[in-house]
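Reader: I have a model open and a few things to check. Can we go through it piece by piece?

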Amino acid sequence: ATAEWCLLAVLLDAQVVLAGPGTTPRERTVPASEFFGGLFSTAAEPDEMITEVWFPRPSRNSALAEFAVRQGDFAVVAAAVSLDLDSGERGRACRSVRIVLGGVSSVPFVVDTGALAGLPASASTWREAGELAASQIDPPEYADGDGAYRRQLTATLVARALDEASRR
């Protein structure tokens with residue numbers, strides 16, 4: 001699960017609309033967080049296809065960072081992030097942070113970011129968030145990177161994506 005649309009759909013709470021055949025076609029909606037089931041597996045039935053993906057709200061402070069060995073390849077690791085920032089007398093702080101990773105599990109991986117709430121919107125917080133994300137994953141070992149390499153790449157990409165998102 002490293003395709004960009006998959007990560008962004010989970011990050012932004014998208015809804016996946018599926019349709020099946022028949023004289024009265026059936027249609028159902030599945031939250032993106034429940035749609036992805038594993039390697040080449042989704043919540044779609046064999047006779048259904050995706051007809052729409054609805055993104056309920058834009059996210060101004062969001063970004064995606066990824067690394068692939070060759071241009072056009074699926075990412076070795078990808079990090080999609082969004083920030084809800086609060087401006088106070090001490091500067092900007094994180095009201096909430098969302099991080100979804102690709103390439104580290106068979107489905108988009110949602111990082112538990114509760115520990116980041118209230119921290120300053122700063123480079124040190126972005127590094128801390130990257131380390132937090134890396135500590136929560138147990139990535140698979142592939143030819144394009146072992147687990148330790150993917151954890152380090154995760155920490156770097158999360159920090160970069162959060163930095164970019166905070167500047168929007």
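Reader: Start with strand β1, residues 15-19. How many of its residues are buried?
Author: Keep in mind that this is a predicted model. In β1, four of the five residues are buried, so the strand is largely enclosed by the rest of the structure.

Reader: Which sense does β1 pair in with β2, and over how many bridges?
Author: Antiparallel, over five bridges, with β2 covering residues 27-31. Within that pairing, R28 of β2 stands opposite L18.

Reader: And how many bridges join β1 to β5?
Author: Five bridges, and β1 and β5 run antiparallel; β5 spans residues 49-54. V16 has V53 of β5 as its bridge partner.

Reader: Switching to helix α1. Which residues are buried there?
Author: The helix covers residues 4-11, and its buried residues are C6, L7, A9, V10 and L11.

Reader: What do those buried residues pack against?
Author: Helix α2 (32-35) and several strands: β3 (36-38), β6 (62-67), β7 (77-88), β8 (91-102) and β9 (109-110).

Reader: What about the backbone after α1, at D13: is phi positive or negative?
Author: Positive, near 55 degrees; D13 follows the helix.

Reader: Last one, T125. Where does it lie?
Author: In helix α3, which runs over residues 123-135.

Reader: Why does T125 count as buried?
Author: Because its relative accessibility is 3%, and buried means under 20%.

Reader: Which residues does T125 touch, leaving out those up to four places away in sequence?
Author: C94, L119 and P120.

Definitions and conventions. Residues numbered from 1 in each chain as written. Predicted model: local features only at pLDDT ≥ 70, side-chain atom pairs only at ≥ 80, totals over all residues. Heavy atoms only, no water. Buried < 20%, exposed > 50% of the residue type's maximum accessible area, 1.4 Å probe, protein only. Helix = DSSP H or I, 4+ residues; strand = E, 2+ residues; numbered from the N terminus. Contact = heavy atoms within 4.5 Å. Pairing = 2+ DSSP bridges.
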